[in-house]
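This report describes the side-chain packing of one protein model. The sequence and structure are shown first.

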Amino acid sequence: MYNLSNFIQLLKDYISLFDALVEVEQEKLLAAKKNRVTFVEEAMKKEQVYILQLKGYDKKREQIQQELGFSSLSFQQILEQVSKEENDQLTPLFYQFQEKVALLQEVSENAKKMIELNLHTIEKALKQEKADSASSQKPIGSFHSRKI
């Protein structure tokens with residue numbers, strides 16, 4: 001009989017990581033709403049660290065699934081392969097995992113839209129400033145001085 005304890009622990013680690021990622025995405029969204037570019041940049045740096053961690057978890061998951069004989073199976077298929085007791089342990093974790101992924105995607109998409117909106121606003125302001133600058137540099141008329 002195989003042991004799912006490593007797989008269960010990894011799912012819990014994933015869930016904690018997604019909680020942290022959601023928090024960072026929410027920070028990024030709030031910073032974007034307030035036009036705080038440096039805070040957005042800081043959140044993105046944190047996010048990059050978590051993404052590297054996520055990649056490490058993915059490799060570990062693949063290894064554990066292979067050791068358990070589940071290498072090509074989805075989470076749903078794994079639930080169908082395990083005993084009733086293991087299924088009872090895994091099912092809540094899988095649903096929690098799915099909820100965290102969905103929440104992360106939602107918050108991340110909102111942050112992305114806010115950042116894009118801010119960039120559009122900045123681009124529009126820069127174009128207007130450029131147009132205003134160009135029109136103020138044109139001579140309005142000519143002035144000739146004559147001695148009388």
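The model is predicted. Its largest nonpolar core has 26 residues, of which L4, F7, I78, L90 and F94 touch the most other members. Each of the helices α1, α2 (37-68), α3 (75-81) and α4 supplies at least two residues of this core. The greatest contribution is that of α1, with 10 residues.

In soluble globular proteins, nonpolar side chains tend to be buried together. The contacts of L90 illustrate the packing in detail: when residues up to four places away in sequence are not counted, L90 touches L4, F7, I8, L11, I78, L79 and V82. Two of these partners, L4 and F7, are themselves listed with L90 among the core residues that touch the most other members, and I78 is listed there as well.

## Aromatic pairs

The structure holds eight aromatic pairs. One of them joins Y14 and F18, whose ring centres are 6.3 Å apart; the pair counts as stacked because the planes meet at 15°, under the limit of 30 degrees. Y14 and F18 both belong to helix α1 and are four residues apart, about one turn of the helix. Both residues are buried.

Y14 also pairs with F97, here in an edge-to-face arrangement with 5.2 Å from centre to centre and 75° between the planes. This pair links distant parts of the chain, since Y14 lies in helix α1 and F97 in helix α4, 83 residues apart. Y14 is buried, its relative accessible area being 2%; F97 is likewise buried, with a value of 12%. Ring pairs link Y14, F18 and F97 into a cluster that also includes F7, Y57, F75 and F94.

L17 is located in helix α1 (residues 5-33). With a relative accessible area of 4%, L17 is buried. Leaving aside neighbours within four places in sequence, its contacts are Y50, Q53, L54 and Y57. The C-alpha atoms of L17 and I51 are separated by 9.2 Å, although these residues are 34 apart along the chain.

K100 is a residue of helix α4. Is K100 buried or exposed? K100 is buried, because its relative accessible area of 19% falls under the 20% cut-off. Beyond neighbours within four places in sequence, K100 is in contact with I15, F18, D19 and V22. One of these partners, F18, is the residue whose ring is stacked with that of Y14.

## A nonpolar surface patch

Which residues form a nonpolar patch on the surface? The patch consists of L119, I122 and L126, which together have about 280 Å² of accessible area. I122 lies in helix α4 (residues 84-137). This residue counts as partly exposed because its relative accessibility is 44%, which lies between the 20% limit for buried residues and the 50% limit for exposed ones.

Helix α4 therefore contains both the partly exposed I122 and the buried K100.

How values were computed:
Residues are numbered from 1 along each chain as its sequence is written. This is a predicted model: local features need pLDDT of at least 70, side-chain atom pairs count only at pLDDT 80 or more; totals for chains, interfaces and linings use all residues. Side-chain values use heavy atoms; hydrogens and water are left out. Patches are made of residues with over 30% relative accessible area and no salt bridge: like charges are joined within 9 Å, nonpolar side chains (Val, Leu, Ile, Met, Phe, Trp, Tyr) within 5 Å. Accessible areas come from the Shrake-Rupley method with a 1.4 Å probe; for residues, only the protein chains shown count as cover. A salt bridge is a side-chain nitrogen of Lys or Arg within 4 Å of a carboxyl oxygen of Asp or Glu. Buried means under 20% relative accessible area, exposed over 50%, partly exposed in between (1.4 Å probe, protein chains only). Contact means heavy atoms within 4.5 Å. A nonpolar core is a set of buried Ala, Val, Leu, Ile, Met, Phe, Trp, Tyr and Cys residues joined through side-chain atoms within 4.5 Å. Rings of Phe, Tyr and Trp (its six-membered ring) pair if their centres lie within 6.5 Å; planes under 30 degrees apart count as stacked, over 60 as edge-to-face and the rest as tilted.
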